[in-house]
Amino acid sequence: MAKQYETVIGLEVHVELATKTKIFCGCSTAFGGEPNTHTCPVCTGMPGSLPVLNKQVLEYAVAVGLATNCTITQYCKFDRKNYFYPDNPQNYQISQLYLPICQNGRVEIETENGKKYVGIHEIHMEEDAGKLIHDEWDDCSLVDYNRSGVPLIEIVSEPDMRSAEEVIAYLEKLRMTIQYLGASDCKLQEGSMRADVNLSIREVGAEAFGTRTEMKNLNSFKAIARAIEGERERQIDLLEAGEKVIQETRRWDDNKGESYAMRSKEDAQDYRYFPDPDLVPIMLDDAFLDQIRAKQPEFREEKMLRYKKEFDIPEYDIQIITGSKHMADIFEQTVALGSQPKKVSNWLMVETLRLLKENNMDPEDIRFSPENLAKLISLTDAKAINSSVAKEVFEVMFDQNIDPEKYVEEKGLKTVNDEGALRKTVEEVIANNPQSVEDYRNGKEKAIGFLVGQTMKAMKGKADPGMINKLLKELL
Amino acid sequence: MANIISDETIEYVGILAKLELSGEEKEQAKKDMGSMLDYIDKLGELDTKGVEPMSHVFPVKNVFREDVVTNEDMRDAVLKNAPGEKNGMFTVPRTFE
């Protein structure tokens with residue numbers, strides 16, 4: 001019988017924190033600035049410059065640690081990780097090796113076999129590097145240090161995952177937790193969340209771990225799943241052929257669906273870490289931790305339970321809505337303004353999701369305000385506009401967050417509730433469509449639909465279909 | 001000298017520090033490192049039981065800044081320190097991993 005293998009996976013996840021400034025200087029972290037316009041002596045590593053820790057970085061790191069059940073290291077400090085590469089102007093990265101801010105945590109994930117814990121080995125704070133661009137023309141490299149010094153946390157898991165599904169459940173869990181904290185937007189595609197996968201295989205039942213490889217350059221959940229499958233196969237093939245897995249870093253090429261070695265343990269990096277003398281130790285008292293604890297938001301699981309109790313909406317809607325902190329905020333605020341939960345949920349589940357998909361946007365990118373959604377719902381509740389006009393208005397609102405009341409007024413989209421005017425139009429439609437009238441009278445119920453449509457067209461869409469129906473039936 | 005630095009060690013440290021040393025320089029570096037380590041070994045003669053490792057010489061802790069942008073665009077000044085400049089970026093010898 002062929003040997004059965006088990007995959008053992010641990011993750012290193014880098015998350016870019018949503019601070020306004022860099023970790024050790026007052027330069028902006030805003031994305032997309034002209035090269036090197038967000039730089040200073042500190043983040044370009046000039047001799048004599050002095051880094052000072054951004055307090056918000058510390059608060060976010062502690063908040064993520066508490067949310068992932070970590071022990072917070074109350075006496076903690078920064079270390080220098082030494083290596084030479086031009087994206088790192090100091091020739092060392094300020095990171096944490098000896099006393100990382102958070103240790104020994106765990107998160108719960110849902111798997112097909114039920115709930116499971118994934119251990120968090122540690123979370124540490126560090127700085128991002130600059131960006132290198134290769135200039136073919138002059139055969140040199142160009143460096144932009146705008147990203148240099150942008151704050152990151154690195155979340156190192158225990159090797160507790162056994163499949164791509166578990167890895168994705170774990171990443172989703174981290175992403176959701178961190179988004180709810182507002183500590184990062186965690187977008188894999190844009191690099192504000194990056195995952196490196198450490199993977200080894202062993203025969204089912206074996207105690208010892210196999211030799212692991214580290215896979216980099218994974219920027220979507222799909223790429224992660226494919227890379228895990230690919231690496232598992234590659235390692236099995238090696239072992240089956242009597243060869244050995246070499247401990248090395250590999251780069252995943254998602255287009256080709258294969259990976260190649262970047263560097264092996266042979267020329268392993270020796271980072272010669274030592275405590276950074278420029279940064280003083282951090283001592284966190286219990287009061288500080290209590291303060292952060294008190295500010296923790298309601299997380300997704302609690303929110304789902306509360307929605308189930310408080311709102312009469314389907315389980316599926318609850319899952320989708322709470323799947324984005326921003327969407328859940330919009331939902332709750334719109335309901336707080338007096339709209340019926342089911343109606344709010346419908347706008348989010350149907351039209352909002354459709355437009356997000358069409359525009360290739362994330363729920364976090366929703367621009368319309370709860371106030372405007374509430375206004376739109378009350379306009380339809382009052383039958384001031386019919387449902388097709390409402391959809392039209394919603395599209396404009398989705399795009400530009402317009403005030404639907406003003407918009408309907410300005411564009412003259414209000415339903416004509418003047419029965420006399422409507423009756424006149426219905427009479428004209430009946431007179432102009434003798435064939436349909438006859439069909440209806442001969443028992444062809446469907447013919448009335450055509451007459452409603454004709455009336456609506458004549459009213460330029462500004463009529464209540466229920467009322468048209470009523471009048472038609474009355475006049476026929 | 002109690003600490004003898006091997007040829008392999010000096011070669012390895014040279015690689016890490018990206019230094020190319022001549023034979024003569026290597027010999028000198030071996031001597032220097034050996035005597036530095038001898039000096040550090042003196043610490044081993046002391047009883048340090050119960051003494052916390054020191055990471056900072058001053059009794060200062062918790063120095064933070066608020067998350068407020070205080071730096072304006074100072075690209076021109078920063079680029080004055082660059083070995084070379086092109087399109088607002090630092091130029092360095094072609095580098096790739």
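This tour moves through the structure one selection at a time.

The model is predicted: local features need pLDDT of at least 70 and side-chain atom pairs count only at pLDDT 80 or more, whereas totals for chains, interfaces and linings use all residues. Residues are numbered from 1 along each chain as its sequence is written, and chains are lettered from A and ligands numbered from 1 in the order in which they are written.

**First selection: chain B**

Chain B has three helices and three strands; helices (H or I, at least four residues) and strands (E, at least two) are DSSP runs, numbered from the N terminus. Along the sequence, the pattern of chain B is α-α-β-α-β-β. The radius of gyration of chain B is 22 Å, well over the 13 Å that the globule rule gives for 97 residues, so chain B is more spread out than a compact globule. That radius is taken over C-alpha atoms, and the globule rule is 2.2 Å times the number of residues to the power 0.38. Along the principal axes, the C-alpha atoms of chain B fill a box of roughly 55 × 45 × 25 Å.

**Next: the side of chain A that touches chain B**

Here 42 residues of chain A are in contact with 34 residues of chain B (C-beta atoms, placed from the backbone, within 7 Å). Select residues 140-144 of chain A, which form β10(A). This strand gives the most to the side of chain A that touches chain B, with five residues.

Two strands pair if DSSP finds at least two bridges between them. Which residue of β3(B) is the bridge partner of Ser141(A)? The partner is Val92(B).

Now show the open sheet of four strands, with the order β9(A)-β10(A)-β3(B)-β2(B) and antiparallel pairing. β9 of chain A and β2 (85-86) of chain B stand at the edges, each with a single partner strand, so one side of each is left without a neighbour in the sheet.

Select α1(A), residues 55-67, and α2(A), residues 164-181. Their axes come within 10 Å and cross at roughly 130°; axes are lines fitted to C-alpha atoms, for helices over the stretch in contact, and angles run from 0 to 180 degrees between N-to-C directions. In this contact, Ala63(A), Val64(A) and Ala67(A) of α1(A) meet Thr177(A), Ile178(A) and Leu181(A) of α2(A).

Notes. Contact = placed C-beta atoms within 7 Å.
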